[in-house]
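Please read the following report alongside the sequence and the three-dimensional view.

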Amino acid sequence: MAPQLRGSVTRPAGAARPATVASTDAGASPGDAGDSSDWVARVRGLSRTFGDRRVLDDLDIDIAPGEFVALIGRSGSGKSTLLRALAGLDPECTGGATVQGTTAVAFQEPRLVPWKRVTANVCLGLRAAHPRQAAATALAEVGLTDRAAAWPLTLSGGEAQRVSLARALVREPRLLLLDEPFSALDALTTITMHQLVLRLWTRHQPAVLLVTHDVDEALALADRVLVLTDGRIGYSCRIGAARPRDRDDPDLITARADLLAELGVAMEGIR
Amino acid sequence: MSGTRTLALVPDRAARPPGAASPRQSPPATPAAQPASRVRRLLHSKALLRLISPLVVLTGWQLASSAQLISSDKLPPPTEVWSTAVSLITSASPAYGSLQGNLLASLERVAVGFGFGATVAVTLAVLAGLSRAGENALDPLMQMVRTLPLFGLIPVFIVWFGIGELPKILLIAIGVAIPLYLNVFSGIRNVDAKLAELGRVLHLRRRELITQIVLPGALPQALVGLRQALGVGWLALVVAEQFNTSAGLGFMISQATQFSRNDVIFVALLVYCVLGLLTDALVRLFERRALSWRRSFVAA
């Protein structure tokens, strides 16, 4: 699935930025393909070791334009390491991680700058003709217009995470990296956030890489679910079900059992 | 932040019927002004509360003097200190000059010394804080200077720079620079690394990273340093002015020592006290404004 339509929300011109290369140490060089239109992010032979531990081991991944990919794995499996490599935050990894177009990240903790009000946080580093106007639009999309002038420390966890999403989206990313952004939120807030993320994804059509440890979250959101085991993609499945998805969809139940088995969790009585 | 405030008004205005007065013309100023005046009143009452204990001490001092419990040679009563202060203000004495003249000389000294010391300290702290090379080059030197006994430098300074203004200003500058440098440096180093990482993800330019993330992040610690620096600054002034001065509060004190005028000494000491309190209040005021993002957290 590679949607071609851009978001319906008007954006100031000039916000698009030239291709950001996260790291091109080796592997896929930007010039080696005429197929550069069918991927936004391409990972080739990516490895990362921490001491003796090989966290990522010769990893290959392609993410198509507009594709929603969920990456799951046990804690310490290197999920976040991969995301950090794509975000250009890890100079120590070897191999190639190339991103075509703007990348934006929403971290596990919202990482709002506490001495900047909400609008200023969304505008931070934004090179747009009218950054405040763009920020206002983005805040309206996440439903936080009335908190635009608030200090971050007065926000609830869900509100802060929505500001973080607005700050990522206002950059009109071609690749949106989500690093367990909902793991610290309560169950009800998480459901609302899932709906919000799907709405924003449908409207803006970025490719998304969602790192999560929550199988149900991956199943509710993603087109494709990858399981990271021993530094490699041990398992990959496509989820074709239409959104919004019913937890009890038979396809999802099968996929859930497969994924949990892949993660080493026994599901007695399910199959 | 005026832009953000307008933003917040947008839904309000949209909900208003077309004929209604715009929010700017209606009197929304009254509800906004009320809490402000309440805050002011609270501050006033707090300020008054803080006045009680000094007043009690002052009254006790006066009573003890009036009852001849304390000899006025040792400790002149407040009334005498007051009348001496008034006479020093109204007429310049040949021995001491006028109080305001001396005050001005002292203020000038401390302002120049503070300005010089603070500029150097902040510049060095930023250089050392932002780069490993800067830290390697500057931090050992600052750590060495820090361990020097400040007032032990006075004889050396007099040998080097004579008895003019320079050694006095340098003494104040060094006294100010050390605590300011240490705190700004550690403030910069303690800025959340996750925010620095955020800056990279948002493609902040280096200048933006420094002005928007690093320096504001270091500000709380820098203000701790500022308070210490001002404290040391006043102290250094008192000491520096005891040597070979022809104007200033310290000059008044050393003259008065020769003439055994305790009342004049106390006038000068009390002026030092007031100046210290005033600068502290100024820093507090600045702190309250600059760190309001923190205060709202406390209030929430």
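Which residue in β8(A) is the bridge partner of Leu177(A)? The bridge partner of Leu177(A) is Leu209(A) in β8(A). This is a predicted model, in which local features need pLDDT of at least 70 and side-chain atom pairs count only at pLDDT 80 or more, while totals for chains, interfaces and linings use all residues. Residues are numbered from 1 along each chain as its sequence is written, and chains are lettered from A and ligands numbered from 1 in the order in which they are written.

**The sheet of chain A**

Helices (H or I, at least four residues) and strands (E, at least two) are DSSP runs, numbered from the N terminus, and two strands pair if DSSP finds at least two bridges between them. Two of the strand pairs are set out below.

| Strands | Sense | Bridges |
|---|---|---|
| β7 (residues 175–179) and β8 (residues 207–212) of chain A | parallel | five bridges |
| β9 (residues 224–229) and β10 (residues 232–238) of chain A | antiparallel | six bridges |

Within the second pair, Val225(A) stands opposite Cys237(A) in β10(A). The hairpin of β9(A) and β10(A) has two residues between the strands, and Asp230(A) takes a positive phi near 50° there.

**A helix pair in chain A**

Helix α4 (residues 157–169) and helix α5 (residues 187–204) of chain A have axes that come within 11 Å and cross at roughly 15°. Because of this angle, α4(A) is roughly parallel to α5(A), given that angles under 35 degrees count as roughly parallel, over 145 as roughly antiparallel, 65 to 115 as roughly perpendicular and the rest as oblique. Residues are in contact if their C-beta atoms, placed from the backbone, lie within 7 Å; among those of α4(A) that meet α5(A) are Gln161(A), Arg162(A) and Leu165(A), and the α5(A) side includes Met193(A) and Leu196(A). By class, this contact of α4(A) with α5(A) has five nonpolar, five polar and one charged residues, where Ala, Val, Leu, Ile, Met, Phe, Trp, Tyr, Cys and Pro count as nonpolar, Asp, Glu, Lys and Arg as charged, and the others, Gly among them, as polar.

**Chain B**

The secondary structure of chain B comes to 12 helices and zero strands. The axes of helix α6 (residues 153–161) and helix α7 (residues 165–189) of chain B come within 9 Å and cross at roughly 140°, which means that α6(B) is oblique to α7(B). Their contact is made by residues including Phe157(B) and Phe161(B) of α6(B), and Leu166(B) and Pro167(B) of α7(B). The residues of this contact of α6(B) with α7(B) divide into nine nonpolar, no polar and no charged.

Not counting residues up to four places away in sequence, Phe114(B) touches Ile172(B), Val176(B) and Gly233(B). Buried residues make up 27% of the 300 residues in chain B.

Technical notes:
Axes fitted to C-alpha atoms, helices over the stretch in contact; angles between N-to-C directions. Contact = placed C-beta atoms within 7 Å. Buried ≥ 20, exposed ≤ 12 C-beta atoms within 10 Å, placed from the backbone.
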